[in-house]
Amino acid sequence: MTTYTTIAEDTRPLHHPKTWIGKYVWSQDHKVIAIQYSLTAVGVGLVALVLSGLMRMQLAFPGMLEFITPDAYYQFVTMHGMIMVIYLLTALLLGGFGNYMIPLMIGARDMVFPFVNMLSYWVYLLSVIVLMASFFVPGGPTGAGWTLYPPQAITEGTPGAGWGIIMMLTSLAIFIVAFTMGGLNYVTTVLQARTKGMTLMRMPCTIWGIFVATILGLLAFPALFVAAIMMTLDNTIGTSFFMPAIISNNVALDHSGGSPILFQHLFWFFGHPEVYIVALPAFGIVSDLIATHARKNIFGYRMMVWAIIIIGALSFIVWAHHMYVSGMNPYFGFFFATSTLIIAVPTAIKVYNWVLTLWRGDIHLRVPMLFAIGFIFTFIHGGLTGLFLGNVSVDVPLSDTYFVIGHFHMVMGVSPIMVVFGAIYHWYPKITGRMWDTMLGQAHFWITFLGVYAIYLPMHYLGFLGVPRRYYEMGETAFVPESVHLANVGITIAALTVGAAQLIFFYNLIYSYFKGRKADPNPWGATSLEWLTPDTPPAHGNWGPDLPKVYRWAYDYSVPGAAQDFIPQTTPPGPDETPHDH
Amino acid sequence: MKLLRELTKKPWLEKGFDSDDGPGADGIRGPAVAATGMWFYVGVASVMFSLIIAAYVLRLGNYGADPASAAAAKASLAWWTLAAICGIPPADDWAPMAEPFLLWINTGVLILSSIAWQRARGDLRSGRMDKLRITLTAGGLLALVFLAGQLTVWRTLMASGQFAPDGPALAFFYLITALHGLHMLGGLFFWGRTTAMVLNGAEPAEVATGVNVCAIYWHYLLIVWVVMFGLLLIT
C-alpha cells in the first residue's frame, strides 16, 4: 500500500513554478486558480450587466436604441440570465471562493488534485469563449430564454435557432465538465485534507456552504448535461427526445412523439438545486461575516450546519414548482407546493440565527458587515415572495409576470451578490495585502443596496398589475395603466445608476491594489485559519514548514475571561477551559 | 452512523483534539484521496444514467399497452400514470429495436474484463507483480475489445439503415452506448497510466491506488452496462 505521509511532510502536490507563466497562467496553486476563475466570471458578468442595461433601456424608452430589435431583446434576455446564473455566480462562488477558501480555511496546502484543478479553470474558460463566440455566429446567440425550452428553442423563428443554440448547449456541456473536475476537487479536499484537529463540526460555515453546494452541483448538473446532449441531437441529427410532431411554417417537421415537458423536468431537476448551489455558499459566507463583525459566535452553529444539509437535500424534490403552468397533474403540484413550503423552515431557521447573532452583538458596521446585513434584508424580501409563488393557485396568475422577475432577482441575484461584495471586502486585505478605501466602499454599498430596492420593489407591483415578462414592448394593452410606464422609467434609471455605481467598486479594488495602505494580517480579529497564514497574501503552500493545528471551533468571539475578544482556532485550550471531553 | 456522531458534536464545548478527530483530521493523505474522488464521480455518473433511464421510461409512452394481457396492461398503466402525473402525454411511436447478438458477446467480454481487474487486485494483494502485469493488461485490452464490439454494433445498425432519428429506441441506444463508451475511455486513460507504471517495474505500493480504484470503477461500469442492456432487452 502507499506509504502514509502527513500533508506537512508531503510536498509532492506542490509543483513549484519557476517562470511567470508557470506562476500566473498555467498555475496549479489554488489561490491563483481562484483569481483566474473570479476575474473571468466577473468579466463575463459585466457583459451580462451591460445586457440588462440595454434591456432596461428598451423597456423604459421603447425604440430609442434602434439596434435593440425584438430578436436582439430576446437574445439579451437569454444571455443575461444564463451568464448571471451559471457563468458568473456558480463560477465565482465555487470556482472563485471555493478554490481560494477551502484549502486556507481547513488548513491544507492546496487542493488534493491540483492538476485537475488547473484543468478545471481552462475548460471553464473554454466554455466562456464558446458562449461569447455565439455573439458572432450567423443569426447571433440563442434567444430562447435562459430555460431553453424546446420545441421553440430549436425551431425556426426563434433568434439563434441555428448556430446560437448549438453554441449555447455546447458551452453548457463544456462548463459542466469543468465544474465536475473542480467539484470533485472541492469535496475530496474537504473530506480528506483537513488539518489536524479540524473536525467537520469545527469547519467555518463558509466551508459547509461551499461543500454542500458542490455536492448539489455534482448531482444536479448531470441533468442539464443529459438535457443539453439530447436537445443537441434533436437539433442536429433529428432525433425526437423532446420534439413532438410539429408543424412549423406550414411544413410538418421530421419529429414525432418527443416530449417538451420531459426537457422541463430535466432542466428544473438541475435548475432548482442550482438556486441553492448559488445560495448555500452565500449562506455560509454571510454567517462568517456576521459572526466576525458582530464579535459573537454564530447563533446555533449546529442548526446552521444541519439547515444547510437539509436545504440541500430538499432542493432535489421541489423542482416542479417551476412548472405549475406546464399543465401537470394538480396532485403533483400539491406535492411540490408542500415540499417547497417545507424548505422554508430550515431557511427561516438560518435567517433567525443570523438576526440572533446580531442581537446584543458588538456590531462593527464595516463595509463587509453592511453588505451582510443588506443581504439579510434582500434575502427576507426575496424569500417571502417565494412563499407566494410556491403555492400553485397564487403562482398560476403571477407566473408570467414581473412579480417573478422581482422575486428571483431579489432572492438569487441580489442576495448572493450582496454576499459576494461583502466577502470581497472581507477577504480583500488577505488576498492582496492591501486595504480598500472605506468611504468608497460605503458609497458603493448604499447606492447598490438602495438602488436594488428601487429596481425590484416596483417590479412586484407591476406583476400584481399583470404586466407580462419577456415582452419586448407592451403595445396597446388595455389593462396596463399609464403608471406602469412611469414605473418602468424609474426602474431603468435606478438600474443604470446601480450599474454605474459598480465602477466605484472596481476603482476602489484596482486603486487600493496599487496604492492602498498595507493591510494587517488579521484586520478584523477573526478566528479562522485563513487569517493566520505566515504571509499576507498567503505564499505558495500557504503555511510555511508546519501545518496549523486546530484546537477549537471558528467562533470563539468575546469569550468571557479571554484576553482578546477572539481566540484563533490554533490557540490551545487555556487552563480554565474544559478540554476535550472524550 | 459515524457521520451522525460527527454532526451532533458540540464544537463550542470541545477544545483540544484527539488523534482520531475526523477522517482527514490527522493530516493523512493516502489512497483515500483517489478513492473519495472516484466514489463522488460514480455518484455523478449514476445520477446521469438514472436520469437517462427515467427519460427512457417516460418516453416509452403507451408501448406495451395490450388490453389482452393483464400484466402488460398493469405495467403500462403504471408507466402511463407516471407520465400523466409528470404532465407528459403518452407517445405511441415506440418501436422496439432488434438487439444484435453481438451485444451479448460484448457483455461477456466486459464481464471478463471485470474478472481480470478483480484478479489484478488479488495479484496486487499477494504482491505478485509478474502476474499483475498479465491481469492488468488483460483487463484493459478486454475493455478495448468491448469498445470495438460496441462500435461494430453501431456500424452494423447503420449499415442496415437504422440511424438514431429512426425511432426513440434507436436514439436512446446510441446515446447510452456513446456515454457508457466515453466513461470507459476515461477509465482506460487511468488504466494506461497504471499499466505503464507496472510494466516499468513499479513497486506494489506505488500502483495500489491505481489498481484498486480502477477495478472498482470497472465493476461500476459493468453494472451500468448490465442495467442499460437489460432495459433495452425488456422494451
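**Legends for chains A and B**

**View 1. Secondary structure of chain B.** Chain B has seven helices and one strand; helices (H or I, at least four residues) and strands (E, at least two) are DSSP runs, numbered from the N terminus. Along the sequence, the order in chain B is α-β-α-α-α-α-α-α. This is a predicted model, in which local features need pLDDT of at least 70 and side-chain atom pairs count only at pLDDT 80 or more, while totals for chains, interfaces and linings use all residues. Residues are numbered from 1 along each chain as its sequence is written, and chains are lettered from A and ligands numbered from 1 in the order in which they are written.

**View 2. The two domains of chain B.** An automatic or database domain assignment places domain 1 at 32-85 and domain 2 at 102-234 of chain B. In chain B, 10 residues of domain 1 are in contact with 12 residues of domain 2 (C-beta atoms, placed from the backbone, within 7 Å).

**View 3. Burial in chain B.** Of its 235 residues, 37% are buried, meaning that 20 or more other C-beta atoms, placed from the backbone, lie within 10 Å of the residue's own. Among chain B contacts with a separation of 6 or more, 73% join residues 24 or more positions apart.

**View 4. Chain A.** Chain A contains 14 helices and three strands. Its C-alpha atoms fill a box of roughly 80 × 55 × 50 Å along the principal axes. Of the 582 residues of chain A, 56% count as buried. Residues 24 or more positions apart make up 80% of the chain A contacts with a separation of 6 or more.

Technical notes: Buried ≥ 20, exposed ≤ 12 C-beta atoms within 10 Å, placed from the backbone.
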